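Have the coordinates open as you read.

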Amino acid sequence: MRFENKTAVVTGGSRGIGLAIATKLAKEGANIAILYVGDENEGIKAKEELSQYGTKVEQYFCDVSNFEESKKVVDQVIEEFGSIEILVNNAGITRDKLVLNMDEKDFDAVINVNLKGTFNMIKHTYKHFMKKRYGRICSTASIVGLTGNAGQANYSASKAGIIGLTKSVAKELAGRGVTANAVAPGYIATDMTSVLPDKVKDAMKAQIPAKRIGTPDDVADVVAFLCSDDAAYVTGEVIRVDGGLAM
Ligand code: NDP
């Protein structure tokens, strides 16, 4: 029960990797605030699923790319839960295209949700963590933020940005007992990747040294470690969770 009496905010926590992270943290005692933007029923379903572990769970509609809206929700969570100890920036979108066909909207949308959304959430919890002299920030980057990927210039830039943001925040807050780290997943089976053609999936799988596609739980286990006190002396780190793909 590494997260007893701790509250975790998980953006994009109602499905995919975010739900797996919220589940892992709740199982180990964390109170959970999940933020979602899509289907309210998904949020309700996730809340019911997470509630079985006996901790406090709430869902909040929040577009993380909206500075004011995300501030309002962070303040509301602090009021309703008493405090926040863990911030998991997991929300993310793709708009994959070659730069040749990528318009400004495709670029801005991905940067706004993935990178600015991560900044917004860190910005609004920053002072709270500083005052507490405690905090765990874990953001979801991607191996393509390390390697680049044809067809994902916007997404790769957003994920590389998250890595720079994470390292800077880690340096700013290390003296205050606050850590900031990132995970860089490889190919994980979720809605985001289910849209890929089978041919692409098979080709990717063949390149993974571990010879299997990752699961949301593979990522959740590493995020939980980074959010725990076991990782108190780990900050500014990026851990690949990719079965060796980007090695
Ligand atoms: P999904 O598409 O399954 O889920 C994305 C999540 O992000 C959803 O919960 C969605 O909320 C949320 N979200 C999207 N836009 C916003 C927004 N504006 N504000 C708040 N929440 C938002 O993706 P995954 O679970 O696969 O991905 C989770 C994270 O992991 C992402 O950051 C992704 O980039 C990253 N990642 C995924 C990889 C993979 O192979 N799957 C590989 C590397 C990184 P809602 O449910 O309400 O729509």
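This is a predicted model: local features need pLDDT of at least 70, side-chain atom pairs count only at pLDDT 80 or more; totals for chains, interfaces and linings use all residues.

## Starting at Pro-209

Pro-209 sits in the loop between helix 8 (198-207) and helix 9 (216-227). Helices here are DSSP runs of H or I with at least four residues, strands are runs of E with at least two, and both are numbered from the N terminus.

Which residues does Pro-209 touch, once neighbours within four places in sequence are left aside? They are Gly-243, Gly-244 and Met-247, where contact means that the C-beta atoms, placed from the backbone, lie within 7 Å. Pro-209 and Gly-244 are 35 residues apart in sequence, yet their C-alpha atoms are 5.5 Å apart.

Residues are numbered from 1 along each chain as its sequence is written.

The chain averages a pLDDT of 96, and 100% of the residues score at least 70; pLDDT is the predictor's confidence in each residue, on a scale from 0 to 100. The ipTM is 0.98 and the pTM is 0.98.

## Two positive phi angles

Most residues other than glycine have a negative phi. Lys-211, not a glycine, has a positive phi of about 60°. Lys-211 is in the loop between helix 8 and helix 9, and it counts as exposed because it has 10 C-beta neighbours inside 10 Å.

Asn-5 also has a positive phi, of about 65°, although it is not a glycine. Asn-5 lies in the segment before strand 1 (7-11) and counts as exposed, with 12 C-beta neighbours inside 10 Å.

## Into the core

Ala-8 lies in strand 1 and is buried, with 29 other C-beta atoms within 10 Å. Beyond its neighbours within four places in sequence, Ala-8 is in contact with Phe-3, Leu-25, Ala-30, Ile-32, Ile-86, Val-88 and Cys-227.

The largest nonpolar core has 64 residues, and those with the most contacts inside it are Ala-8, Leu-25, Ile-32, Val-88 and Val-223. Such a core is a set of buried Ala, Val, Leu, Ile, Met, Phe, Trp, Tyr and Cys residues joined through C-beta atoms within 7 Å. Outside four places in sequence, Val-223 contacts Ile-21, Val-88, Cys-138 and Val-183.

## Around the ligand

Of the 31 residues around the ligand, Gly-12, Gly-16, Gly-38, Gly-92 and Thr-190 come nearest; a residue belongs here if its C-beta atom, placed from the backbone, lies within 6 Å. Helix 1 (16-27), strand 2 (31-36), helix 4 (104-132) and helix 7 (191-194) each give two or more residues to this shell.

The shell divides into 13 nonpolar, 14 polar and 4 charged residues. In this scheme Ala, Val, Leu, Ile, Met, Phe, Trp, Tyr, Cys and Pro are nonpolar, Asp, Glu, Lys and Arg are charged, and the others, Gly among them, are polar.

Methods: A residue is buried if 20 or more other C-beta atoms lie within 10 Å of its own, exposed if 12 or fewer, and partly exposed in between; C-beta atoms are placed from the backbone. Two residues are in contact if their C-beta atoms, placed from the backbone, lie within 7 Å.
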